[in-house]
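Hi,

Here is the structure I promised to pass on. Have a look at it first, and my notes follow below.

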Amino acid sequence: MLKSYLKPDFIFESSWEVCNKVGGIYTVLSSRAKTLQDEMKDHIIFIGPDFWKEKESPYFKEDKTLLAAWQWEAKEQGLKVRVGRWTVPGEPIAVLVDFQPYFEQKNDIYCWLWENYGVDSLHAYGDYDEASMFSYAAALVVESLYQYMFDGSQSPKVIYHANEWMCGLGALYINNKVPQIGTVFTTHATSIGRSIAGNQKPLYDYLFAYNGDQMAGELNMQSKHSIEKQTAMHVDCFTTVSDITANECKELLDKPVDVVLPNGFDNSFVPKGAAFSRKRKAARRRLLEVANALLGEQLDDDTLIVSTSGRYEFRNKGIDVFVEAMNRLLRDRDLKKKVVAFIEVPGWVGEPRQDLQERLNGSDTYTTPLEVPMITHWLHNMSHDNVLSMMKYYDMHNRKEENVKVIFLPCYLDGQDGIVNMTYYDVVLGNDLCVYPSYYEPWGYTPLEAVAFKVPCITTDLAGFGLWANKEFGHYGELEDGVKVIHRTDYNYSEVADAIKDTVAAFSAMTPKEVEACRKKADALSKKALWSEFIEYYHKAYDIALRKAEERNKK
């Protein structure tokens, strides 16, 4: 890292996902927290929404002695906050703010936003209001803390880092009201890019021709797009998480990013040595028990366990092409082992299957499958679920004579789902191969997590992680590298399905020695994506923002 970088004395960082586990950004922030906390020792404060109020949060530990004098001051100013520690490695300080009181000022806030930055909040619907009021409240917290911590005689180097369009309003507020603070804005995926991809439109071939503003109107995304675009235009340092999304920002937001901040990983919770082997065996045993109880079979440890996981975005995450590939694998003569393929994606889950629970809790061995032997939990929308509909369309019913069985695990793996009863990180260990054939994936934590647990994986070059892996290898990743990177376009769905099928078949023919070499390569690649390697990109972003703030305050 260059010694000439300006370093912040203090960082405030806000996100909808601080102490609020709803998606991938939670993983980004919570795993990076330890690295920054080690560097800055409580000089980083995260600000998140207070959904728990009086209830106990599993992600937040309140501490009334932290910033005690400010807590009184904040109360006097009408801010409803709770201060404590985020219960993640590093335990950084977190301030949770109640944003409900600001709804009554909503129109005035939006009016201010329009007059100062031209942000169109007129077409707001859904989560726009909620996110904006939180963003405003978070900025008030930062403004208040800044005034409390630093009197006029000091000129500290302070950063405000806003994540996603949800925190854009706050970044613009700080930009306007506290110009001494350097602002950084990270978009983890452009709202309009995700929407184009999610609406079955070809994103990549036409990216150069799309007009972001026009598409926002067509897809009813004007307000989210507007706040995202204006924040990108006005902050001191605009960033995103991968080269592929940087291109999207340039074309759809008309603003090139200043720095790409790839998402790192903190591997402190990956078990080591004997614990790793023990946990891997336990995960395999449990997954096979669930499969055998559901299917009425006796699949042994030689079975190839394959999985895909992530958010239930059927096309964007490549769940459709995964099912397609498993269907083709059914007829593949090169397949040397039986395969159980799990789809670990939270659906509209009802309850764990009682008949499956009874089999799992008993000691009998069953030779007949349960009814609907493709799913572990009942869904509220069984007849309209995309995974089940596609399997039904292809007549995939996990018949006894078939060598490939596909099982839908449609719940959040938190260790209390009633069937597997293991957390996602414990389950991932049991896989032989993970498959993430994303069509739209700004970064891609799932493949990075897989390789961190020494599980080789398949991904695509439309995922930021896939592009990064190719760059590290100096060529398109192959199975032998630990990560197979498949070339994916708007139109080559069928070729991608074939490539997945062929890769799984090739993996099934590998010798134990070849598999071990593959696992070691996967592990080695994950070490290059640790936060200790990637944090320097953040230092670069902070430097850009601090220099711009310095220039502004000289005027």
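A term to start with: "buried" means under 20% relative accessible area, "exposed" means over 50%, and "partly exposed" is in between (1.4 Å probe, protein chains only). This is a predicted model, where local features need pLDDT of at least 70 and side-chain atom pairs count only at pLDDT 80 or more, while totals for chains, interfaces and linings use all residues. Residues are numbered from 1 along each chain as its sequence is written, and side-chain values use heavy atoms, with hydrogens and water left out.

What does β7 pair with? Strands pair if DSSP finds at least two bridges between them. Strand β6 (residues 158-163) runs parallel to β7 and is joined to it by five bridges, with I159 having G182 as its bridge partner in β7. Strand β8 (residues 237-240) also pairs with β7 in the parallel sense, over four bridges, and here F185 stands opposite F238. β6, helix α5 (residues 168-177) and β7 make a right-handed β-α-β unit; right-handed means that, with the strands pointing away from the viewer, the path from the first strand over the helix to the second runs clockwise.

Next, the six-stranded sheet. It is open, its pairing is parallel, and the order is β14-β11-β10-β15-β16-β17. β14 (404-409) and β17 (483-486) are at the edges with a single partner strand each, so one side of each has no neighbour in the sheet. From one strand to the next, the twist averages 25° (axes are lines fitted to C-alpha atoms, for helices over the stretch in contact, and angles run from 0 to 180 degrees between N-to-C directions).

Within that sheet, take a look at β10. Six of its six residues are buried: L304, V306 and T308 point one way, and I305, S307 and S309 the other. Six bridges join β10 (residues 304-309) to the parallel strand β11 (residues 339-344). V306 stands opposite A341 in β11, and S307 stands opposite F342. β10 also pairs with β15, in the parallel sense, over two bridges, where V306 has L433 as its bridge partner.

"Contact" means heavy atoms within 4.5 Å. Helix α11 (residues 319-329) lies across β10, β11, β14 and β15 (433-435), and runs at about 165° to β11. Together, β10, α11 and β11 make a right-handed β-α-β unit.

Helix α13 (residues 386-393) has V387, L388, M390 and M391 buried. Viewed down the axis of α13, these buried residues fall within an arc of 165°, so they line one face of the helix (the arc is that of the directions from the helix axis to the C-beta atoms). K392 and Y393 are exposed on the other side of α13. The cover over the buried residues of α13 includes α11, β11, β13 (377-379), β14 and α17.

Which residues of α18 are buried? They are V515, C518, R519, A522, D523, L525 and S526. These cover an arc of only 160° around the axis, which puts them on the same side of α18. K513 and K520 are exposed on the face turned away from that buried side. Among the elements covering the buried residues of α18 are α10, α15 (445-452), α16 (464-473), β17 and α17 (493-508).

One last stop is P202, in the loop between α6 (191-198) and α7 (212-218). Is P202 buried or partly exposed? At 22% relative accessibility, P202 counts as partly exposed. Leaving out residues up to four places away in sequence, P202 touches I196, Y210, Y439, D490 and Y491. P202 and D490 are 288 residues apart along the chain, yet their C-alpha atoms are separated by 5.5 Å.

Cheers
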